Amino acid sequence: MADILSIGANAAQLYKSALATVGNNIANLNTDGYTRQVANSIENTPTAKGSSYIGSGARLVSVTRAFNEFTESNLRDSGSELSAQDPLIQYADRIVDVLGAQNSGLADAFSKFFSSASNLSSDPASTTLRNVFIRDADGLAVRFRELASQLSGIQQETDDALSLQLTSFNELGKQLFSVNEQLKKRATVDVQPPSLLDQRDRIMREMSKIAKIHVTESESGTVSIRLDNAGGTLFVDALNVATLSANFDTDTQGGVEILSDFNGAVGTTSSVTGGELGGILNFRSQILSPAIENLNALAVSTATEINAIQTNGIDATGTRGTNLFDPNVDTLGASGFSLLITEASKIAAAGLARVTANPENAGNAKLDYSDIVSGSAVPDFTLNYSDAAGYTINGAAVTPDASGSFTFGGITFKVSGTPVDGDSFSVSQNTNAVGDNKSILAMSRLQNKQVLEGNRSLGDGYLDLVSDIGNASALAKISQEALQVVHDQAVAEKDKVSGVSLDQEAADLIRFQQAFQASAQVIQASNKMFDSLISIR
Amino acid sequence: MKISTSQLFDNSVNQMNRQQSKIAEMQAKLASGKQIVKPSDDSEKSAVIQRLQTAIDRQSVYERSLDTAENRLASEESALMSSERILQRIRQLAVQGNTDTLSVDDKEILANEITSLREELLSLANTQDANGNYVFAGSNVQTKAFDVNADGDIIYQGDKTQTSVDISDQRRLVLNRAGDEVFASVDRVVDGDTQDISFFKVIDDFAQALATDDEDALNLGLEEISSITEGMGASIADLGARISTVSNQREILEDTNLRYQDLLSNAQDLDYATAVTKLSAELLSLEAAQASFAKISQLSLFNYIR
């Protein structure tokens, strides 16, 4: 009888705890990082009665977390990979929106510049058109500078974001370290307070959103953290916690090193991958730096090509053209793209040399020139042809190569057609030729000229630059969608194990309530049995 | 499989958020009438649009070049046509004057008329276009094409440069001809020596011959005037060819432009019918998500425990 009473009393105790656990689960329904708790019972040692064993009830042994290490680490890893895509997409889209927009991009500025070059070519003497050309040249320069400053603004933002994320990561490291200190007080993980373990897991989940981590758990539940994988840089162990910092290299575009200070030992780490940090680093190395470099290269090509045409021309005052854009762009980058000429008359619209065929020429030969070595003075000479001596200049023989080209005074000339004995051409500086458009026509044609490698024009080069970034962002968006599915799956798996379902708790509530009532009945039965015995008279 | 209560709520909210953002995106497209609101929506397509836009800009530049060319060629044409008429009159006078029946006085009257016609020709040779450029001065457009030098001779001050403009990606149009080719000189043999006699000198000499009634000179002059008149005719034919190039190219340009505009419209303009249908579909699924959430969220075992 005493047995029955104690069985009933123990069971009532047990179900009271179980009901408290259910209550706790319901109460923490919306607590972030809460893991469902389960009250575990065990059968008491039965007592021997002769040759049989009579059971002696059950008791509570532990309240544990419904937890699976594998689903937890899956959740962390998928979270790292997913959150790495976000900064990449956001920053890349911003660049594409700035560079690719009709009004803020370069395509429009290029188009305007070449259009006004072309308009000027139809009336090179017009001061109005020359001024329009200068305005649009300045527009091009301003656009280059604006884009450069937009890109460096984004770089600055990612600098700040990197530092901010590193600070949060370090903070989480410190928190984890102090949780570790608490966990050290107990020998095994099953006797650790569930809330402490929840706190540990929540910190690690947040860390993994910032960077991918590799977790090793000890028997007592303390953890050591390495960055990326088992071979990565040690960040937290039982004794120490590292501090990460960023070291920006101002010499290279987007250059940055992540330094780790672990108990005084400072070194660079290359194992920051995944998470926001990994995403930002990826963006900088794969999108931002190439974008800045490509824009700078485009600025250099643009300035070089345009200057080459300008300096091979004659301006309205009859002097040789000077650089339209600052050639220092090759060291300053796109941010140093500036217009040097502001006077309309300084636009070198005319060709450098004037080639005049002798009106008496009987053959159909033509003489033209190209490729002027910069700085070379325009030679003043007459090219004669005779059947006996071939081509001569001032009596000295000139031998054109297979394509009809020869070089004289730093200028490459080309003869096409067939001359007849006695034909001649005179070449001199192109003075007074305000109506000549040879140079500005070349400028207008630069729009479609394939001056960049891969047979691309300047405009193509720019659109490719924007497309490359757009493609990277589009690819990241596809990965993001895929990774979102993986992450959702991991969340569902984790939730299946650790989440609180009200329906389940309701069922458990009824189950334990009924068990508690039954236990009370057992106590009452024991009481009635005792009463029956006592009432025997 | 167990679905935790908070996950059920989170999932539903996420789904509705996603649906909301799709609807907002669709709405932005409808409001702007564009398939792509931001370049980042589809960078490939936005590159295509920019390429087309550049090509269209280029066509309008060609159109402007054609306008300029037309304007300039029209100046040339009217100058040449007038010149030809004057030359014909001079030739008429030359024929008239080359007879013995006319008295010396009459010939002098003719000579005077020819001299004044020559003045007119000179002013035609110095024709300026709408922008004040001398049409027949080669590339020296700001210098009078023909002027009287210290010796009283009319000399060509322009150069032989022919400027051309692009009127399509492939096609170039020569804008001008050097003045001394249009108002061309003739070869004259003087004492067994071939000399270059300028256009205006030919007329002057003829007027002189008329005035002095020099028969040999009159015959030679008549021949030379025929020759420069012919030359003028050839220049007009050449000009006519260029003018017809302009009008041909204008038609081609219009076709090209239309084609590009069509491509651009395909690339950037929104197909409203499809877009509105899509929007309705998205709205429908949002409504469905909301309705189902309202129902599902009410389900709980606790409702039945009394």
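Q: What makes β5, β6 and β7 of chain A an open sheet, and in which order do the strands stand?
A: In this predicted model, the three strands follow the order β5-β6-β7 in chain A, with antiparallel pairing. The edge strands are β5(A) and β7(A), residues 234-236, each of which pairs on one side only. Neighbouring strands of this sheet are turned against each other by 30° on average, with direction ignored.

Q: How do you know that β5 and β6 of chain A pair?
A: Two strands count as paired if at least two bridges are found between them, and five bridges join β5(A), residues 213-217, to β6(A), residues 223-227; therefore the two strands are called a pair, by the rule of at least two bridges. These strands run antiparallel. Among the facing residues, T216(A) stands opposite S224(A) of β6(A), while I213(A) has L227(A) of β6(A) as its bridge partner.

Q: What lies between β5(A) and β6(A) in their hairpin?
A: Five residues stand between the two strands of the hairpin, and in the turn G221(A) has a positive phi of about 95°.

Q: Which helix lies across β5, β6 and β7 of chain A?
A: Helix α4 of chain A, residues 127-183, lies across these three strands, and the helix runs at about 65° to β7(A).

Q: Why is N263(A) called exposed?
A: The word exposed is used for a relative accessible area over 50%, and N263(A) has 58%, so this residue is called exposed. N263(A) is in the loop between β9 (255-262) and β10 (265-269) of chain A, where the residue has a positive phi of about 55° although it is not a glycine.

Q: What makes D191(B) an exposed residue, and where is D191(B) found?
A: With a relative accessible area of 78%, D191(B) is above the limit of 50%, and therefore the residue is exposed. D191(B) has its place in the loop between β5 (186-190) and β6 (193-197) of chain B. Although D191(B) is not a glycine, its phi is positive, at about 50°.

Q: Why is F9(B) called partly exposed?
A: Buried means under 20% and exposed means over 50%, with partly exposed in between; F9(B), at 35%, falls between these limits, so the residue is called partly exposed. F9(B) belongs to helix α1 of chain B, residues 5-32.

Q: Which residues make the nonpolar surface patch that includes F9(B)?
A: The patch, of about 460 Å², is made by M1(B), I3(B), L8(B), F9(B) and I296(B). Patch residues need over 30% relative accessible area, and F9(B) has 35%.

Methods. Residues are numbered from 1 along each chain as its sequence is written. Chains are lettered from A and ligands numbered from 1 in the order in which they are written. This is a predicted model: local features need pLDDT of at least 70, side-chain atom pairs count only at pLDDT 80 or more; totals for chains, interfaces and linings use all residues. Side-chain values use heavy atoms; hydrogens and water are left out. Patches are made of residues with over 30% relative accessible area and no salt bridge: like charges are joined within 9 Å, nonpolar side chains (Val, Leu, Ile, Met, Phe, Trp, Tyr) within 5 Å. Accessible areas come from the Shrake-Rupley method with a 1.4 Å probe; for residues, only the protein chains shown count as cover. A salt bridge is a side-chain nitrogen of Lys or Arg within 4 Å of a carboxyl oxygen of Asp or Glu. Helices (H or I, at least four residues) and strands (E, at least two) are DSSP runs, numbered from the N terminus. Buried means under 20% relative accessible area, exposed over 50%, partly exposed in between (1.4 Å probe, protein chains only). Axes are lines fitted to C-alpha atoms, for helices over the stretch in contact, and angles run from 0 to 180 degrees between N-to-C directions. Contact means heavy atoms within 4.5 Å.
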